[in-house]
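I wrote down what I looked up, in the order I looked.

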Number of protein chains: 2
Amino acid sequence: MASAMAFPLMDKGHEVNLVGTHLDRDIIDSIQKTGVHPNLDLELPDGVKAYQLEDAEEAFEGAEIAMSGVNSFGVRWAGEHFARLLRPGMMVIAVTKGLEADEEGNLSILPDVLASAVSEDLRGEVSWSAITGPAIAGEVAVRHETCVVFAGLDEEVLERLAGTFRTDYYHVWTSTDFVGCEVCAAVKNCYAFGGGFMDGLLDKEGKTEARYRRYNYGAALFGQATRELEQWMELLGGRAETPRGLPGVGDMFVTTMGGRNVKAGRYAGAGVPFSEVQNVKMKDVTLEGVAAIRVVGGALERMTRRGVLAAEDFPLMRHLYGVVARDEPLDMPWSAFFGGETVSGHVG
Amino acid sequence: MASAMAFPLMDKGHEVNLVGTHLDRDIIDSIQKTGVHPNLDLELPDGVKAYQLEDAEEAFEGAEIAMSGVNSFGVRWAGEHFARLLRPGMMVIAVTKGLEADEEGNLSILPDVLASAVSEDLRGEVSWSAITGPAIAGEVAVRHETCVVFAGLDEEVLERLAGTFRTDYYHVWTSTDFVGCEVCAAVKNCYAFGGGFMDGLLDKEGKTEARYRRYNYGAALFGQATRELEQWMELLGGRAETPRGLPGVGDMFVTTMGGRNVKAGRYAGAGVPFSEVQNVKMKDVTLEGVAAIRVVGGALERMTRRGVLAAEDFPLMRHLYGVVARDEPLDMPWSAFFGGETVSGHVG
């Protein structure tokens, strides 16, 4: 994602230096030698410079903005490097989607986790923001229209960042609902895993090519997921309107359209126990949605034990957690959705 | 759709009599001779009886529930037949999705249009309800899980109807937000037309099979459409929560996944002037979404002239109307979405 951002940024005439983690050595090599980003399978814009991790200081020299594009497992690691690389006045913007939970089930947004590795003094002299909303990296890189929301606490910083990135194909809105946008970004990945069930069920029934699909099923999940996104806002302090826009339903739509996470959900829908999906079918594949289900679903159970939540809250997320964390077979709790099927007056 | 409802109803042990319009003569013939519904390409459950229009009285004899499944162009016609066929105490339930506008741009929900053809006395002795939410007919007919909302003004009637139709694959919630559910049902069809633009644009650019799609584009439209659905509620008196559930985002999701309406949108996305789509490419095809865009978009312009709305309200619907009614080329007003891209403090 961070590499894809080089396209709008270079189109705006900015300088872009990419720094790889120790896991990105081959990617950086490839960009240095040929200009091609092998995962995107695209040549990056002329002038983008790529640096191995040991040359990060050089890459950060004179930089105004630092973007963090590691996956959710690397956020603490990235924070430790930021601790030595950031300088006062820099604007940090993160694209990683996920949440972290403590033993009580309290959830933290990842920009806070990223910042926590930085000394308190420096932390206060740097701004922290994030990119949320529906943006498949490769689509940005081929300049397909994309609408995103830059989220953070400082409206002025957000407007400066938005002005820096905005092009005629990369459209940027801003939101000071930092928690709400980040929670949506993480949690919609969980629900998008369920987007794979539609086709998985057809696979299981030998109906992979059948005329009648299971879109009604997926749509019902999408509706319940939207409801639960709103309940996450209530629980964690996000604004009610955030799930209804780009960071919520918009991003959940795009994430449901495909990718590794949906593929993992499809296996689960087809009846493969999830431990087998993770350890055999998709071994060594980073599954951000699944990781988020483990974090969020686990936190849900701890919050329920503490009496913060009722057992009937978040029935879809709880079932996703059962599938992922306990190898439970798919058994959608339909009647628990939308406040309960036979409870009068509840609206789906 | 009405024929597909025979599956859950017969599974519950009810009697089902289907009556065709004058346009359904061949369908009724086929069901009478072979039991097969040719459009669904499925054999209807044993015991379903099919009647030609002239035998409607016989079909209605002893019936407790009358379902109207005509398309939006046939609602007045159906109302006239209901005027002679309904008897006091019957429960009417409609599945037609659309709206009707008068010359001032005032919009009516179709169950009201249906009822308007029935004498005032009889109208008051019959209950009027509708089915909303994501339900592709064929998926119901093959018993794939489906979650819908029965909408009407009388909670008790809705619960009776829900109890009549509900099975372990056809899940029913109820809502007394009759206007909100019906407006969502109609308006989401308009926005789903825009769901075809993603692939149409790829077709136009010779990227039909390209790796990078235009899901970001579709997701941004989905987000803006959700925002506009909420504004429709404010304008027409629906409840704020209705678009967030099955009747809104749920149904919009399923409708965006395919069908004639999306196909028409794909042609428009590929650059075919819409008059050519309608008169050549998809001649004689009923396009409910397009019909709704004409009604709703036209009403929008009339309401704007009357000062009820500002010119910047509903930018997506206005553009869809321009494409459909005035052969305008696709030119998405991105910066007008989500309250305006460069207006501080607005959230996407």
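**Entry 1: the sheet in chain B.** I began with β5(B) and strand β6 (residues 91-94) of chain B, which pair in the parallel sense over four bridges. Strands pair here if DSSP finds at least two bridges between them, and helices (H or I, at least four residues) and strands (E, at least two) are DSSP runs, numbered from the N terminus. I looked up one partner: Met67(B) is bridged to Ile93(B) in β6(B).

Before going on, I noted that this is a predicted model, in which local features need pLDDT of at least 70 and side-chain atom pairs count only at pLDDT 80 or more, while totals for chains, interfaces and linings use all residues. Residues are numbered from 1 along each chain as its sequence is written, chains are lettered from A and ligands numbered from 1 in the order in which they are written, and side-chain values use heavy atoms, with hydrogens and water left out.

I then followed the whole sheet, which is open and has five strands in the order β5-β6-β9-β10-β11 (chain B), with mixed pairing. β5 (65-68) and β11 (170-175) of chain B stand at the edges with a single partner strand each, so one side of each has no neighbour in the sheet. From one strand to the next, the twist averages 25°; for all such angles, axes are lines fitted to C-alpha atoms (for helices over the stretch in contact), and angles run from 0 to 180 degrees between N-to-C directions.

**Entry 2: helices on that sheet.** Which strands does helix α9 (residues 178-194) of chain B touch? I found β9 (127-132), β10 (146-152) and β11 of chain B, with the helix direction at about 45° to that of β9(B). Contact means heavy atoms within 4.5 Å. Helix α12 (residues 246-256) of chain B also lies across β9, β10 and β11 of chain B, running at about 140° to β10(B).

**Entry 3: α9 against α15 in chain B.** I checked α9(B) against helix α15 (residues 288-305) of chain B and got an angle of about 110°, with the axes 8 Å apart. That makes α9(B) roughly perpendicular to α15(B); the classes are roughly parallel under 35 degrees, roughly antiparallel over 145, roughly perpendicular from 65 to 115, and oblique for the rest. Among the residues that meet are Ala186(B), Cys190(B) and Phe193(B) from α9(B), and Val290(B), Ile293(B) and Val296(B) from α15(B). The contact residues divide into eight nonpolar, two polar and one charged. In that count Ala, Val, Leu, Ile, Met, Phe, Trp, Tyr, Cys and Pro are nonpolar, Asp, Glu, Lys and Arg are charged, and the others, Gly among them, are polar.

**Entry 4: α9 against α13 in chain A.** Asn189(A), Ala192(A) and Phe193(A) in α9(A) meet residues of α13(A) including Val262(A) and Ala268(A).

Leaving out residues up to four places away in sequence, Arg260(A) touches Met282(A), Val285(A), Thr286(A) and Leu287(A).

**Entry 5: how the copies relate.** Chain A can be laid on chain B with an RMSD of 0.0 Å by a turn of 180° and a shift of 0.0 Å along the axis. That is the relation of a two-fold axis. The superposition is by least squares on the C-alpha atoms of residues with pLDDT of at least 70 in both copies. The same surface serves both copies, since 100% of the contact residues of chain A recur in chain B.

**Entry 6: aromatic pairs.** How many aromatic pairs are there over all chains? My search of the whole structure gave 22. Rings of Phe, Tyr and Trp (its six-membered ring) pair if their centres lie within 6.5 Å; planes under 30 degrees apart are stacked, over 60 edge-to-face, and the rest tilted. Tyr217(A) and Trp334(A) have ring centres 5.0 Å apart and planes at 85°, so the pair is edge-to-face. Tyr217(A) sits in helix α11 (residues 215-236) of chain A and Trp334(A) in the segment after α16 (315-326) of chain A, 117 residues apart.
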